Amino acid sequence: MVEPLSISNPDTNSSPSGKKRRKSRRESAARTPAEPCGARWRTETEQQVYSAKLADALRHLRFPDSADSSVRSVRDAADQVLAVSAKGRTRWSRAMLTSRLGRRLAQISRKHKKAARPDGRFKKPAAQKKLPPLQRKVRALSRLIPGCQKLSLPNLLEETTDYIAALEMQVKAMAFLAGLLNGANSDGGGGGGGSVADGGQYSSSS
Amino acid sequence: MSSRRSRSRQSGVSRISDDQIADLVSKLQQLIPEIRNRRSDKVSASKVLQETCNYIRNLHREVDDLSDRLSELLESTDSDSAQAAIIRSLLM
C-alpha cells in the first residue's frame with residue numbers, strides 16, 4: 001500500500017529540518033535589508049575584499065591579443081567582480097552579470113540582421129521626444145545604470161545610490177591596485193609597501 | 001485632489017507622491033559631492049538628476065582610465081614581484 005505521506009508536500013512537511021530551513025531563511029531575509037543601501041560599499045573590508053578578488057582575477061587573465069582588448073578585459077573583470085560582490089541584491093548587479101551573455105548574443109544577432117535587412121526602413125522616426133525635461137533626465141539616468149530602464153522612480157533612485165557607492169569603491173580599489181603595481185614596478189621587488197597611501201587601515205601588530 | 005490625478009496621468013509615473021520623490025531626491029543629493037559641497041538646500045530635482053548623470057559618467061570614465069592604466073601595468077610588470085607586493089599588502 002502506498003502511503004500518501006511519502007509524497008513530499010511542502011505545505012504539510014513538518015520535518016524539523018524543513019522548518020529550520022524556512023525559519024532561518026525568513027530570519028536572514030529580515031536581517032539583511034531588502035533595499036540596497038550604499039553603506040555596504042563604503043566599508044574598508046568591502047574594498048579590501050574587492051581588491052583581493054580583482055587582483056586574483058587579473059592574475060588569471062593573461063596574454064590578451066591587442067592593447068584594446070586587454071583594457072576591455074580588465075574593465076570586464078573589474079565589473080564582473082563588482083557585480084558578484086553585490087551578491088545579487090541589486091538589479092544593476094544582476095543585469096551586469098547577464099549582460100556579457102546578452103552582449104555576445106546581440107553581436108551574433110546584429111550580424112544576422114545586417115545580412116537580412118535591405119536598408120534602414122525599420123528605423124522609427126525619433127520625433128517622440130516630447131517628454132518634460134525632468135522625465136528626460138530620469139530616462140537618461142536609467143540608461144546609465146545597467147538593467148534599470150523600466151524601473152519606477154523610487155526603485156531607480158535606490159539602485160542609483162547603491163550603484164554610485166559601488167562605483168566609488170571600484171575606483172578606489174582599482175587606484176589602490178594600480179598604485180601597488182606601480183610601486184612593484186619601480187621598486188623591482190625591493191619593498192612594495194611604501195606606495196600604499198592609506199596604510200592606516202591595517203592594524204599593525206608588532 | 002483632481003490636480004494631482006491629472007498630474008500623475010501626464011507624467012506617467014505610477015502614483016508616487018511628490019513628497020516621496022522629493023525625499024528620495026534629497027537622499028540622492030547627499031551622495032553627489034558637487035551638490036553636497038555647495039551647501040545650498042534649494043537644489044532642484046532636475047539639477048540633482050543632471051549632476052547624478054554627470055557624476056556617474058565621470059565615475060565610468062575613471063574606471064576606464066584606471067583599467068587602461070592597470071592593463072599597461074600588468075603587461076609591463078614583473079609578475080613575481082607584483083604578485084608578492086599585492087599579496088603582502090592585502091594579507092598583512
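A:Trp92 is buried, at 0% relative accessibility (buried means under 20% relative accessible area, with a 1.4 Å probe and protein chains only). This is a predicted model, where local features need pLDDT of at least 70, side-chain atom pairs count only at pLDDT 80 or more, and totals for chains, interfaces and linings use all residues. Residues are numbered from 1 along each chain as its sequence is written, chains are lettered from A in the order in which they are written, and side-chain values use heavy atoms, without hydrogens and water.

**Aromatic cluster in chain A**

- Ring pairs join A:Trp41, A:Trp92 and A:Tyr163 into a cluster (rings of Phe, Tyr and Trp, the last by its six-membered ring, pair if their centres lie within 6.5 Å; planes under 30 degrees apart are stacked, over 60 edge-to-face, the rest tilted).
- A:Trp41 and A:Trp92 make a tilted pair, 6.2 Å centre to centre, with 40 degrees between the planes.
- A:Trp41 sits in the loop between helices H1 and H2, and A:Trp92 in helix H4, 51 residues apart.
- A:Trp92 and A:Tyr163 pair edge-to-face, at 5.1 Å and 65 degrees.
- A:Tyr163 lies in helix H6 of chain A, so this pair ties together parts 71 residues apart in sequence.
- A:Trp41 is buried at 2%, and A:Tyr163 is buried at 3%.

**Helix packing in chain B**

- Helices H2(B) and H4(B) pack at about 40 degrees, with axes 10 Å apart.
- Their crossing is left-handed.
- H2(B) contributes B:Val25, B:Leu28, B:Gln29 and B:Leu31 to the contact (heavy atoms within 4.5 Å).
- H4(B) contributes B:Ala45, B:Val48, B:Thr52 and B:Tyr55.

Note on methods:
Axes fitted to C-alpha atoms, helices over the stretch in contact; angles between N-to-C directions. Helix = DSSP H or I, 4+ residues; strand = E, 2+ residues; numbered from the N terminus. Left-handed = near helix turned anticlockwise from the far one by under 90°. Buried < 20%, exposed > 50% of the residue type's maximum accessible area, 1.4 Å probe, protein only.
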